Amino acid sequence: MAVPPSTYPRRLLPLFLGLFQAALLLFFALFVTYDEPSAQAEDTSLVASQVYSTFPFFQDIQVMLVVGLGLLLTFLPRYGFSSLTHNFLLLNFSMQWALVLQGLLHHFHHGQIHLDLHKLLISEFAAVTVLISVGAILGRASPCQLLIMATCEIPIYLASEWVIVTCLGVLDVGGTITIHIFSCYFGLGVSKALFRATQQPLHPKESPTLSSDLMSLVGTLILWVFWPSFVAVLCQPGNAQHRAILNTLLAMSASAITTVVASSLLERDGKLSPGHLQNGSLAGGVAIGVLADLAIPPVAALALGSLSAVLCVLGFRFLTPLLGRKLTLHDQCGIHNLHGLPGILGAAASVVAVLVASKDTS
């Protein structure tokens, strides 16, 4: 019996994922292995120390991406379940895809790719770019379209990261430039390509409700708590990692307070906007990532957090409607305000920090 045409799109998703996972199983069976266990006690203790120092940060990042970011995207009342499931699906798909590409490009030696926790962590950082980018088209794209977007974005991200970090020598431990700025404008580019014909009117189902805003705010709180782990995990253990944690906490604390001030002043009734709080309180973590481990004074972290929050709130209040009218640019989650503007601010601040640093500063 022939399958009705309407069921074909529904079968594309399991077919695509099934073929992908089958190909990945074959690839892992042929080329991926673990490092050989060392018989020397010194090497064994060194590996154990590296695992015990990295895995707590890795767990924090997992909570951020799976729970925090998933809940943050539930502000659309009719799209909450889909936001959580699509975020979870894209994280796993993009991580595995990035693991394959990074292994082939950087870790393929003598016909084998040796897998460890650090390589898995780098692959998750690549997956973060996809999770941020899809915020621009949240609720307006099918799961298959999101997977196609992830398939294209991961290799482009790896190429851009190689140019920025390896060729240009940019220090970006928190991914402000390589992750946040890149994913923001990649997502906006996809949104412009999909919805470039006319300005998309606001659908009634896109208006947040009290319960959906509450769930999204819970996601913000989870992200706020664990964000220092995301910034500090790739820093050198010791003073640099300690500075990264302290600077991130200071910047995010300042951004949270400044968001309340700016939002209350801009809203006509003087009330705090939930959308501003959900995003502005995280802006400091985006901006501080590129210079979190640098020897900057604490007041610089506070100032950067406050400025990033002001930029984020002003972007939601004025820039997003302007871009929608002038460029017909659709940005569902406001990723330009949370990731783009604070990211550019952080990149500019890092240049200033390096220029004004004394010659004896490490």
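Two residues are said to be in contact when heavy atoms of each lie within 4.5 Å. The structure described here is a predicted model, in which local features need pLDDT of at least 70, side-chain atom pairs count only at pLDDT 80 or more, and totals for chains, interfaces and linings use all residues. Residues are numbered from 1 along each chain as its sequence is written, and side-chain values use heavy atoms, with hydrogens and water left out.

Leaving aside neighbours within four places in sequence, Ser263 is in contact with Lys271, Leu272, Ser273, His276 and Val313. Ser263 is found in helix α8, where helices are DSSP runs of H or I with at least four residues, numbered from the N terminus. Ser263 counts as buried because its relative accessibility is 0%, the term buried being used for under 20% relative accessible area with a 1.4 Å probe and protein chains only. The side chain of Ser263 also reaches the backbone nitrogen of Ser273 at 3.0 Å.

Val313, one of the residues in contact with Ser263, is among the buried residues of α10, which also include Ala301, Leu304 and Cys312. The cover over the buried residues of α10 includes α8 (239-266), α9 (274-288) and α11 (335-356). Helix α10 spans residues 298-327 and bends by about 50° at Gly315, the bend being the angle between axes fitted to the seven residues ending there and the seven starting there. Just after α10, Thr328 takes a positive phi of about 45°.

Helix α6 (residues 176-194) is mostly covered, with 14 of its 19 residues buried.

Key
Buried means under 20% relative accessible area, exposed over 50%, partly exposed in between (1.4 Å probe, protein chains only). Helices (H or I, at least four residues) and strands (E, at least two) are DSSP runs, numbered from the N terminus. A polar contact is a pair of N or O atoms within 3.5 Å; within protein, one must be able to donate a hydrogen and the other to accept it, and residues adjacent in sequence count only if both atoms are side-chain atoms.
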